[in-house]
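Here are some notes for a colleague who is starting to read this structure. Please keep the sequence and the picture side by side while going through the points.

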Amino acid sequence: MANDVIDFDKADKYSFVKKVNFDIQCEYLFNSPLHSDFVDPKQWKVYTLENGPKGLLVIPRIFTRQSSEKWFHKLLYTIPNKYTSQLKSNIALPCDEERETSNLRWITFGYHHNWDTKVYDEHKDDIPEDIVELCRCVCSVLQLHFVAEAGIINYYTNKSTLSPHVDHSEINHNAPLLSFSFGSAAIFLIGGRERYSSPIVPIYLHNSDLLIMSEESRLSFHAIPKVFANNNDYSGKKITRINLNIRQVY
Ligand SMILES: O=C(O)CCC(=O)C(=O)O
Ligand SMILES: [Fe+2]
């Protein structure tokens, strides 16, 4: 069991998965235009790992199925098309190719992360309003102090991986990092402050899961070694998983 990939849909079966008691606040969310995107927050379960870094929180399945599909579409089509001038991407946007099978792999917004220097640009572009509102909703429900200032949308096929790294370019490491998963499941590995420190804990990230990296886990090494295929398509051509990763920089 200890080496199993942890599946939060079956959280009760692991002795080291602990439910955290959060004081859930629904008022802001109930007045938000995104209200019906979410499963009733009173049903949300917040988990942490006794054998993982402190402050790692997983809240499984926070979106309704319908809204998770809407968000997948929005992150793949609407946002790249509508906010083209505010985004940076690995490909020129808007692209003429069929988006699902295109080489689109990432988009940044807000303060753009420079992948070579690992320093954020000084200039801040606007963040798509739906994404700002999404963060406001989640943070008000969980009463987190967090301001969305930068973000990355990661696009994965079933052949994509993300190598071990720490997200340390932000100046403020006290603010949490919010990570939303859509589409096919992935395995997420999380370790400690050193690249080879153990334990390294494998967890499944499913469609609609919210992962929060706070406290010790905010600066922990993590990676995506595996993305699962969708509908038996193993071609590696189709984008099947989208991760929306939002940070506070200052
Ligand atoms: O795709 C994921 O779940 C993780 C993405 C990530 O770690 C990052 O963008 O820094
Ligand atoms: Fe990361």
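1. Strand β9 (177-183) and strand β12 (residues 210-213) pair in the antiparallel sense over four bridges, where helices (H or I, at least four residues) and strands (E, at least two) are DSSP runs numbered from the N terminus, and two strands count as paired if DSSP finds at least two bridges between them. Within this pairing, leucine 178 stands opposite isoleucine 212 in β12. Strand β9 also runs antiparallel to β14, to which six bridges join it, and there serine 181 faces asparagine 243. Strands of a sheet pair in this way through backbone hydrogen bonds, either parallel or antiparallel.

2. Before going further, note that this is a predicted model, in which local features need pLDDT of at least 70 and side-chain atom pairs count only at pLDDT 80 or more, while totals for chains, interfaces and linings use all residues. Residues are numbered from 1 along each chain as its sequence is written, and chains are lettered from A and ligands numbered from 1 in the order in which they are written.

3. Is β9 mostly covered or mostly open? Six of its seven residues are buried, a residue being buried if 20 or more other C-beta atoms lie within 10 Å of its own, exposed if 12 or fewer, and partly exposed in between, with C-beta atoms placed from the backbone. In the protein chain as a whole, buried residues make up 38% of the 250 residues.

4. The residues around ligand 1, meaning those whose C-beta atom, placed from the backbone, lies within 6 Å of it, include Ser179, Ser181, His222 and Asn243. Two or more residues of this shell come from each of β7 (150-156), β9, β13 (222-227) and β14 (241-247). The shell divides into five nonpolar, six polar and one charged residue; here Ala, Val, Leu, Ile, Met, Phe, Trp, Tyr, Cys and Pro count as nonpolar, Asp, Glu, Lys and Arg as charged, and the others, Gly among them, as polar.

5. An open sheet of four strands has the order β8-β13-β10-β11, with antiparallel pairing, and its edge strands, each pairing on one side only, are β8 (162-165) and β11 (201-205). Inside it, β10 (residues 186-190) is linked to β13 by four bridges, and isoleucine 187 stands opposite lysine 226.

6. Alanine 186 lies in strand β10 and is buried, because 25 other C-beta atoms lie within 10 Å. Leaving aside residues up to four places away in sequence, alanine 186 touches several residues, among them Ser181, Leu205 and Ile224, where contact requires C-beta atoms, placed from the backbone, within 7 Å. Alanine 186 and tyrosine 204 are 18 residues apart in sequence, yet 5.7 Å apart in space, C-alpha to C-alpha.

7. Some backbone details deserve a careful look. A cis peptide bond, with omega about -10 degrees, joins leucine 93 and proline 94, and proline 94 sits in the loop between β4 (88-89) and β5 (106-114). Arginine 61, although not a glycine, has a positive phi of about 55 degrees, and arginine 61 is partly exposed, with 18 other C-beta atoms within 10 Å. Lysine 118, also not a glycine, has a positive phi near 60 degrees; lysine 118 is exposed, with 11 other C-beta atoms within 10 Å.

Key: Two residues are in contact if their C-beta atoms, placed from the backbone, lie within 7 Å.
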